[in-house]
Amino acid sequence: MALTGARKKQIAIVTGGGDAPGLNAVIRGIVVRAISLGYDVLGFRKGWAGLLGEGEQHPLDLDEVEDIHTLGGTILGTSRTNPYKIPGGVDQVKATLKKFNCDYLIAIGGEDTLGVAWKLHQDGIKVVGVPKTIDNDVSATDYTFGFDTSVNIAADAIDRLHTTAQSHERVMVVEVMGRHAGWLTLHAGMAGGAHVILLPEYPYDINEICKIIRRRESQGKHYTMIAVSEGAKAIEGDIVKQVDKKDMFGHVRLGGIGERLAQDLEKLTGKEARHVVLGHLQRAGHPTAFDRVLGTRLGVHAAEMVENKEFGKIAALQGTEIVSKDMKAALGELKTVPRHRYDEARIFFGVE
Ligand code: F6P
């Protein structure tokens with residue numbers, strides 16, 4: 001790809017929210033394409049906190065991003081900081097961009113980060129967004145990068161846990177990430193062969209799970225694998241929280257449903273039960289080839305969106321193509337698991 005002569009303008013990049021495998025592929029895609037189009041790129045560390053002056057900034061050139069698409073996490077670091085919740089925060093973000101001669105901003109993040117990006121766009125900043133989350137719950141894109149890697153990690157864990165559950169003739173409850181949307185649990189549960197899958201979207205009846213465990217017992221199958229989203233709850237039950245305190249985007253820290261469910265099932269069925277919380281392992285380490293390719297393509301497209309002055313928009317996956325969509329379409333309603341997808345999974349409940 002030919003490099004153009006004079007530098008045009010400078011693009012700032014920020015990564016916000018929980019890290020997701022594939023973030024570095026997006027950064028590399030942006031940098032390589034932006035440089036080929038004649039832009040300079042400046043990376044701000046620590047998410048929005050970096051633009052509030054709490055992080056450093058770092059010029060991103062071709063050497064900086066060489067081979068980073070294979071690495072997990074984000075070379076820029078991240079935070080769950082919300083400049084709209086900090087007095088004078090928005091003015092500070094604007095001042096930082098001005099101070100470092102950044103004409104454009106590319107924000108890579110989930111619903112929260114894109115929500116801030118959308119407001120900044122309305123406040124006059126020239127912003128492009130790239131949706132990110134292992135939860136795959138951002139509307140307006142078919143899949144988010146990071147999801148595929150997390151599904152593979154969680155499916156592998158469920159796969160492996162079969163042998164210990166079988167050996168000890170236990171019920172094994174595997175808690176998977178996903179606050180409001182059960183995509184990760186649905187896909188990992190299906191791929192890993194869980195006998196019961198429980199999602200935030202569809203409250204469960206514990207008696208139904210007990211029936212499945214007992215039916216399997218009567219068939220000589222003395223173990224049952226259960227995949228449960230951290231945000232799942234029983235009918236008339238509550239979401240199980242680890243900490244009540246909310247972050248700057250109003251989220252509490254979930255976790256504990258796996259343990260509670262295992263205890264309840266042991267009491268009700270008399271079968272020994274254990275739980276495993278996969279936690280941040282699901283976001284950790286190298287991205288899959290799928291996420292590297294998706295991240296790279298989204299990054300390239302985002303840089304081209306700056307060149308085409310498509311501000312207030314996101315790069316999104318539609319079928320097999322990367323397209324530009326209004327940022328607003330990614331906000332508001334989360335993309336949750338539709339009923340027919342859950343019913344499809346339920347056909348296999350209790351089945352080997
Ligand atoms: O938003 C992605 C996510 O992985 C959720 O599924 C999970 O609840 C949350 O992040 C955990 O975030 P933290 O890293 O702040 O504990």
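Which residue forms a salt bridge with Arg-283, and how far apart are the closest N and O atoms?

Modeller: The partner is Asp-19, whose salt bridge with Arg-283 has its closest N and O atoms 2.9 Å apart; a salt bridge here is a side-chain nitrogen of Lys or Arg within 4 Å of a carboxyl oxygen of Asp or Glu. This is a predicted model, in which local features need pLDDT of at least 70 and side-chain atom pairs count only at pLDDT 80 or more, while totals for chains, interfaces and linings use all residues. Residues are numbered from 1 along each chain as its sequence is written, and side-chain values use heavy atoms, with hydrogens and water left out.

The domain assignment gives domain 1 (10-145 + 287-330) and domain 2 (148-284), such bounds coming from an automatic or database domain assignment. Across the interface of domain 1 and domain 2 the rule finds one salt bridge. In contact (heavy atoms within 4.5 Å) are 19 residues of domain 1 and 16 residues of domain 2. The two domains bury about 1700 Å² between them, 56% of it on carbon and sulfur atoms, where buried area is the accessible area (1.4 Å probe) that two parts lose on being put together, summed over both.

Arg-283 also belongs to the residues around the ligand, among them Asp-135 and Glu-230, a list that takes in residues with a heavy atom within 4 Å of the molecule. An oxygen atom of the ligand lies 2.7 Å from an N or O atom in the side chain of Arg-283. For Asp-135, the corresponding distance from a side-chain N or O atom to a ligand oxygen atom is 2.9 Å, and a polar side-chain atom of Glu-230 lies 2.5 Å from an oxygen atom of the ligand.

How values were computed:
A polar contact is a pair of N or O atoms within 3.5 Å; within protein, one must be able to donate a hydrogen and the other to accept it, and residues adjacent in sequence count only if both atoms are side-chain atoms.
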